[in-house]
Amino acid sequence: MSPTITAFKTSPDRGRGLARDMSVRWALEEVGRPYDVRLVTFPEMKEPAHRAIQPFGQIPTYEQDDLVLFESGAIVLHVAERHPGLLPDDANGRARAIAWMFAALVTMQPPIVEHGMATLFEREKPWFEERLSGLEQQVRVRLSDLSNRLGDAEWLDGAFSAGDIAMVTVLRRLGSSGLVQDYPNLAAYVARGEARPAFKRAFDAQLAVFAAASGG
């Protein structure tokens, strides 16, 4: 039985591959696992039926047989643990790949999301420029650390892994800011992720939902 994931019926990212089902779609495409999608509206996400599987009223969720999961990182890890290709075979390598997943979601993502939210919702505030400058500096600290660690490597730790799915997905949230472009090795790293056939299939699938919803 194919797993079913949930995604926005009308995505606020306008099909740019930023909604949080993107990493789940990407992981499933990488391992060649067919999946179904149940589209939900914003009101539907807050209803009891959806909160029964996602207590915070968000997307994505993952359902297969008697398993129900929420949180994109947990879902990607579940997929990676049950299909070859997204985690190394050796125990130490697997542990490092999982550590990079945590680094992407816990260390890199919070300042990046805060920067993006301020840009979207606080632009008209009198203190916006000062706040944005501080947030940008926090993001740059993280990007510099990551850039130094990545160096001229192709992926974070040897072969492409679930850690790279998480990290590339997080870094793509900075696309419109131009900040990643100030770190050529990170920009090239993101571009390599986006060039993977599985990423393109996941992106196109998410874009198709937005196009259908908008009549495009």
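Q: Where is Asp65 found, and why does Asp65 count as exposed?
A: Asp65 is found in the loop between strand 3 and strand 4 (67-70), where strands (E, at least two residues) and helices (H or I, at least four) are DSSP runs numbered from the N terminus. Its relative accessibility is 61%, and exposed means over 50% relative accessible area, buried under 20% and partly exposed in between (1.4 Å probe, protein chains only). Asp65 therefore counts as exposed. This is a predicted model, in which local features need pLDDT of at least 70 and side-chain atom pairs count only at pLDDT 80 or more, while totals for chains, interfaces and linings use all residues. Residues are numbered from 1 along each chain as its sequence is written, and side-chain values use heavy atoms, with hydrogens and water left out.

Q: Why is Glu71 called partly exposed, and what is its phi?
A: The relative accessible area of Glu71 is 39%, which makes this residue partly exposed. Glu71 is found in the loop between strand 4 and helix 4 (72-82). Although not a glycine, Glu71 has a positive phi of about 80 degrees.

Q: What is the peptide bond from Ile59 to Pro60, cis or trans?
A: With omega near 5 degrees, the bond from Ile59 to Pro60 is cis, whereas most peptide bonds are trans. Pro60 lies in the loop between helix 3 (48-51) and strand 3 (61-64).

Q: Why are helix 5 and helix 6 called roughly antiparallel?
A: Helix 5 (residues 91-121) and helix 6 pack at an angle of about 155 degrees, with their axes 9 Å apart. Axes are lines fitted to C-alpha atoms, for helices over the stretch in contact, and angles run from 0 to 180 degrees between N-to-C directions. Angles over 145 degrees count as roughly antiparallel, under 35 as roughly parallel, 65 to 115 as roughly perpendicular and the rest as oblique. Helix 5 and helix 6 are therefore roughly antiparallel.

Q: Which residues of helix 5 meet helix 6?
A: Among them are Trp100, Met108, Ile112 and His115, and those they meet in helix 6 include Leu132, Leu135, Val139 and Leu146. Contact means heavy atoms within 4.5 Å.

Q: How do you know the orientation of helix 5 and helix 7, parallel or antiparallel?
A: Their packing angle is about 10 degrees, and the axes are 7 Å apart. The two helices are therefore roughly parallel to each other. The contact involves residues including Ala97, Ala104 and Leu105 of helix 5 and Gly163, Ala166 and Val170 of helix 7.

Q: Which residues of helix 9 are buried, and what covers them?
A: Ala198, Phe199, Ala202, Gln206, Val209 and Phe210 are buried. They cover an arc of only 115 degrees around the axis, which puts them on the same side of helix 9; the arc is that of the directions from the helix axis to the C-beta atoms. What covers them includes strand 1 (4-8), helix 1 (21-30), strand 2 (36-40) and helix 8 (184-195). The face turned away from the buried side carries the exposed residues Pro197 and Ala212.
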